[in-house]
Amino acid sequence: MDSALIPEGVKRCSFGKFAIGIILVGGVLLWGVYAMLLIWLKGLNQTNMNDFYGFAIWIWADLGVIALGGGAFFTGFLRYVIGKDELKNIINCAVLIGFICYSSALLILAIDVGQPLRSWFIFWHANVHSMLTEVAFCLSCYFAVLIIEYIPLILENRQINKVPFLHNLAHNMHEVMVIFAATGAFLSFFHQGSLGGTPAVLYGRPFSFREGVFIWPWTFFLFTWSAAAYGPCFTLFVTRLIEKITKKKLVKQNVIDLLAKISGWTMGTYVIAKIIDTWYWATVTAPARGFNLIDFYSNNPFYGIWILIVEIVVCGIVPALILLTPKGRNNSTLLFTAVSLACIGVLLNRWVMVLQVMAIPVMTFETWVMYIPSWQEVATTVLPVAYGIILVMISFRYLPIFPQERELNP
Amino acid sequence: MKEEGKHKKAKKYGMVINLDECTGCGACMVACMAENNVPFKEDESNKLDSIAWMRVYKLTNGKPYPEAEICYLPRPCMHCEGEHGHAPCVSVCPATATDYNHETGIVSQIYTRCFGCRYCMVACPYHARYFNWWDPVWPEESTKYLSPNVSPRMRGVVEKCSFCFHRYQLAMDKAYLEGRTVLEEDEYQTSCAQACPAGAITFGDLNNPEHKVHQLAKPDNKHGGRPGNPNVFRLLERLGTNPKVYYMSSREWVRQAGDNYINNEDLAKNYRH
């Protein structure tokens, strides 16, 4: 039915099967849209946020998808700026994931603010001292870059590419992509960093506060570094997931190996930096404000010291070691385990830097406050996931996302 | 000439709350809500999402009877100065919807500019900032009693104690009409200070040695406004928020409850008194 739109030389499932998949995920998407409309129409009282939890699951999701989408800027940087040519075989997938993640982040922000129609105030009345201002500017600009990076991919659709103008446009856009990749890397450095600075500049919150250099707290650099380390892991995770679902090899092992190896080194160095940061914070920063490390991990039903161990050891050191060894990278089960753990690790880090900050009492006569999201919050957080799956399904079916697919599946 | 010189000197309005005198009656909370058109819910049992610019906390010394003691601690916005006006909430607001007024030391909130990102609430360690989760609704008959000097806030924005800033504006207007540029101590008082039946709340200009707040707190402006009176303390002094609300108590455990200390910490070495 839609065979004329499918890239030449590749096989796809029947249109009926594809349509059923879209309808199923679309149902989840509609559930999310319903919740989103409820929130827009009735307000944030539809959530379980409160005056202790000004930031909650959405801001976590926001930070999470931006970290996971970091594969786009880092792979683009490696491919176009550093010149790792093999990565051209996975860059499309990284860009697609980046596009999904960043558009999701913007959507979540639009749901999260109390007065969405005033969102433009962040640009009009910009406060240069605020990390969120920097996030807003860089995020919007980088999303524009991602659109520019995604467009040539759309133009490569079999039918669209037949139009000479669009064919030439796609070709020329590819030619100048190095400029956008470099711009994207520059912008990402700042907005990933600003997101790291967002909790760290809160000097009234000893759990998240960090010292730093000049105006940048240490987490500014840690967030950028972790996005560079863990973002490509999500690209590898999604690639492997698509391979498993379609039962096809889509990217050659040498490409996977290269990205995994770079990710391993980035992750390894990040984990070392994270351990130093944690050590300094636990022994100098927090005690100077009257807190022992254990104060942040006791007297509550959920946040124990286990969370620190899981984040740094299980989801940091372990995947880094797997990715750093050729044996680990070549074993598909180990590799998949490593990238999965890495994704969990970065999401856990963002959770801690958002939700745990809110939970911890600062005044001595207050107690821990726990939070469980409402169904509306869950639905609107699942909404971008459903949207992402649909966009991946459509893009994979109609666009040449994986250039090696034809060669690997003759 | 002398008057003009006085006018140029920045004021720093603040409070000293005597915790030994506070009975926890809540009159300050009621007065504040009435004065500032603070909205309320039909069911106010969930304190996590109800608005109280002034909130009275109950503290205990944790000891069993007969040594058990309690203390009530009223908590308005601290109007932190931080370093050079970089209060925790002011520097984080992405839309400049909250501002530190260097003339009065008051931290303002511009409701019509706030777009409800709530970053300021996250930044405030005192939980002095509140979000309007609902549209403000008052029983019809009580709308007649709303203050015309304070604009009600809409759903989706943050609000907080303003040290009854509208009273400052009214007092200044009156002073200008009378050809003055300096206010007398009693010309500008917050509603909570006036409502307190025990007289536990003292309000005034911390920079003015003639004002009672200055005499009680003895703020050391060279060291971030730290109190010189050994019985006076500020909440979470060690964080460097530099608040303008001071508390006074003769009880050591109450003063210690104002801040966090790690085990076996030499308080005298690490902290003021």
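## Strand 12 of chain B

Val232(B) stands opposite Met248(B) in strand 12 of chain B. Strands here are DSSP runs of E with at least two residues, and helices are runs of H or I with at least four, both numbered from the N terminus. This is a predicted model, in which local features need pLDDT of at least 70 and side-chain atom pairs count only at pLDDT 80 or more, while totals for chains, interfaces and linings use all residues. Residues are numbered from 1 along each chain as its sequence is written, and chains are lettered from A and ligands numbered from 1 in the order in which they are written.

Strand 12 covers residues 245-248. Strand 11 (residues 232-233) runs antiparallel to strand 12 of chain B, joined by 2 bridges. Phe233(B) has Tyr247(B) as its bridge partner. Strand 1 (residues 13-18) of chain B runs parallel to strand 12, with 4 bridges. Here Val16(B) partners Tyr246(B).

## The sheet and its faces

Strands of a sheet pair through backbone hydrogen bonds, either parallel or antiparallel. In this model, two strands pair if DSSP finds at least two bridges between them. In chain B, 4 strands form an open sheet in the order 8-1-12-11, with mixed pairing. Strand 8 (201-205) and strand 11 are the edge strands, each pairing on one side only.

What covers strand 12: one face or both? Both faces are covered. Val245(B) and Tyr247(B) lie on one side, Tyr246(B) and Met248(B) on the other, and all are buried. Buried means 20 or more other C-beta atoms within 10 Å of the residue's own; 12 or fewer is exposed, in between is partly exposed, and C-beta atoms are placed from the backbone.

## Chain A overall

Chain A has 15 helices and 2 strands. Its C-alpha atoms fill a box of roughly 70 × 50 × 35 Å along the principal axes. The radius of gyration of chain A is 22 Å, which agrees with the value near 22 Å for a compact globule of 410 residues. That radius is taken over C-alpha atoms, and the globule rule is 2.2 Å times the number of residues to the power 0.38.

Of the 410 residues of chain A, 49% count as buried. Contacts require C-beta atoms, placed from the backbone, within 7 Å. Among contacts in chain A with a separation of 6 or more, 79% join residues 24 or more positions apart.

Helix 4 (residues 91-112) and helix 9 (residues 218-246) of chain A have axes that come within 10 Å and cross at roughly 105°. The two helices are therefore roughly perpendicular, a label for angles of 65 to 115 degrees; under 35 is roughly parallel, over 145 roughly antiparallel, and the rest oblique. Axes are lines fitted to C-alpha atoms over the stretch in contact, with angles from 0 to 180 degrees between N-to-C directions.

Cys93(A), Ala94(A) and Ile97(A) of helix 4 meet Phe234(A), Thr235(A), Val238(A) and Thr239(A) of helix 9. These contact residues divide into 5 nonpolar, 2 polar and no charged. Nonpolar means Ala, Val, Leu, Ile, Met, Phe, Trp, Tyr, Cys and Pro; charged means Asp, Glu, Lys and Arg; the others, Gly among them, are polar.

Ile59(A) sits in helix 2 (residues 57-68) of chain A. Ile59(A) is buried, because 27 other C-beta atoms lie within 10 Å. Not counting residues up to four places away in sequence, Ile59(A) touches Asp112(A) and Val354(A).

Terms used:
Two residues are in contact if their C-beta atoms, placed from the backbone, lie within 7 Å.
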